[in-house]
Amino acid sequence: MTRSVSLPCDIIDAEFVGAIARPADEATLQVTGAEIAFAGRSNVGKSSLINTLASRRGLVRVSATPGCTRQINFFTARARDNLNLVLVDLPGYGFAKRSKSERSEWAELIENYLKKRSSLRALVLLVDSRRGLEEDDLELLTFVAQTRKSTPIGVLVVATKVDKIQASKKASTLAALKKASGVPVLGFSSETREGYEAVWRGIRHVAGFSAEAAELAAKTVQGEA
Ligand SMILES: Nc1nc2c(ncn2[C@@H]2O[C@H](COP(=O)(O)OP(=O)(O)OP(=O)(O)O)[C@@H](O)[C@H]2O)c(=O)[nH]1
Ligand SMILES: [Mg+2]
């Protein structure tokens, strides 16, 4: 799918700014801006989605071997309309070949980040459209809902690899995911770029950056809403 038009959400400048491998590293991280975190099972397509959203093929390392991303990686991204975001690539979970201690280190790193990070505005949970929502995914959604009660963040589910499912099954797959997760769901493929604009709009919306959200916020301040 090729795009000929420029969109306000297109990223015109993106770069890697740092990584953390353990919670204590957060103190040394020099990054400011609203953060959008990408989470999901190993191999679901998190790093590929970030590359596609940033329109940079090699910004983030992608691998056919699960467990490729092992630390939390931070990327600054400036959109054509000047919105500055920080895209955060989280290591994948559910990778059976990891040792028990590695898995508990992962849980500590990710949970600490999702629970405490004050600059986090939204979580994008990636789910393979062929597998649906699994136990680990539901646990993550529940964890975020419970731990961010006083500092809520937007949540969006992205069903990845939709190029691998039959077109006739797409609508029912997305509807089932929406029902199971209780949050908005969008289909996406980094192979065909299907969903590129919708996912950017969805992210901006749940993070409170969409034009509609900005308008509503302005009206609320003026007491019109
Ligand atoms: N067909 C298809 N393959 C995809 C898509 N997105 C990612 N892949 C492939 O899936 C594999 C894993 O992609 P990654 O982006 O590295 O996945 P990840 O979620 O970052 O994986 P970890 O870092 O291990 O957690 C790679 O071989 C990608 O080329 C997609 O939309 N369609
Ligand atoms: Mg990755």
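In this predicted model, Arg117 and Glu26 form a salt bridge in which the closest N and O atoms are 2.9 Å apart. The two residues come from distant parts of the chain, 91 residues apart: Arg117 belongs to the loop between helix 2 (100-116) and strand 5, and Glu26 to the loop between strand 1 and strand 2. Both partners, Arg117 and Glu26, are buried.

Another of them joins Asp10 to Arg80, with the closest N and O atoms 3.2 Å apart. Here too the link is between distant parts of the chain, 70 residues apart: Asp10 sits in the segment before strand 1 (11-20), and Arg80 in the loop between strand 3 (72-79) and strand 4. The burial of the two partners can be read from their accessibilities. Asp10 has a relative accessibility of 5% and therefore counts as buried, the cut-off being under 20%. Arg80, at 40%, counts as partly exposed.

The loop between strand 3 and strand 4 also holds Asp81. The side chain of Asp81 meets that of Arg204 in a salt bridge of 2.7 Å, N to O. Because Arg204 lies in helix 5 (residues 196-206) and Asp81 in that loop, the pair ties together parts that are 123 residues apart in sequence. Arg204 is buried, with a relative accessible area of 11%, whereas Asp81, at 35% relative accessibility, counts as partly exposed. Salt bridges also link Arg41, Arg131, Glu134 and Asp136 in a network.

Attention may now turn to strand 2. Seven of the seven residues of this strand (residues 34-40) are buried, so strand 2 is largely enclosed by the rest of the structure. In a regular strand, side chains alternate between the two faces of the sheet. The burial of strand 2 can accordingly be followed face by face: Ala34, Ile36, Phe38 and Gly40 are buried on one side, and Glu35, Ala37 and Ala39 are buried on the other. The strand has two parallel partners to consider. Five bridges join strand 2 to strand 4 (residues 84-89) in a parallel arrangement, and within that pairing Phe38 has Asp89 as its bridge partner. Strand 2 also pairs with strand 5 (residues 120-128), again in the parallel sense, over six bridges; there Ala39 stands opposite Leu125.

The buried residues of helix 4 pack against strand 5, helix 3 (135-147), strand 6 (154-160) and strand 7 (185-187). The length of helix 4 (residues 167-181) can be checked against expectation: at 1.5 Å a residue, its 15 residues should span 21 Å, and the end C-alpha atoms are 22 Å apart, which agrees. Which residues of helix 4 are buried? They are Thr173, Leu174, Leu177 and Ser181. These residues cover an arc of only 95 degrees around the axis, so they lie on the same side of helix 4. An α-helix has 3.6 residues a turn, so residues three or four places apart point the same way. The face of helix 4 turned away from the buried side carries Ser168, Ala171 and Lys179, which are exposed. Just after helix 4, Gly182 adopts a positive phi of about 75 degrees.

Leaving aside residues up to four places away in sequence, Ser48 touches Val62 and Ser190.

Aromatic contacts complete the description. The count comes to two aromatic pairs. In one of these, the rings of Phe74 and Tyr113 have their centres 6.1 Å apart and their planes at 70 degrees, so the arrangement is edge-to-face; the angle required for that class is over 60 degrees. Since Phe74 lies in strand 3 and Tyr113 in helix 2, the pair ties together parts 39 residues apart in sequence. Both Phe74 and Tyr113 are buried.

Terms used: Residues are numbered from 1 along each chain as its sequence is written. Chains are lettered from A and ligands numbered from 1 in the order in which they are written. This is a predicted model: local features need pLDDT of at least 70, side-chain atom pairs count only at pLDDT 80 or more; totals for chains, interfaces and linings use all residues. Side-chain values use heavy atoms; hydrogens and water are left out. Buried means under 20% relative accessible area, exposed over 50%, partly exposed in between (1.4 Å probe, protein chains only). Helices (H or I, at least four residues) and strands (E, at least two) are DSSP runs, numbered from the N terminus. Two strands pair if DSSP finds at least two bridges between them. A salt bridge is a side-chain nitrogen of Lys or Arg within 4 Å of a carboxyl oxygen of Asp or Glu. The expected span of a helix is 1.5 Å times one less than its number of residues. The arc is that of the directions from the helix axis to the C-beta atoms. Contact means heavy atoms within 4.5 Å. Rings of Phe, Tyr and Trp (its six-membered ring) pair if their centres lie within 6.5 Å; planes under 30 degrees apart count as stacked, over 60 as edge-to-face and the rest as tilted.
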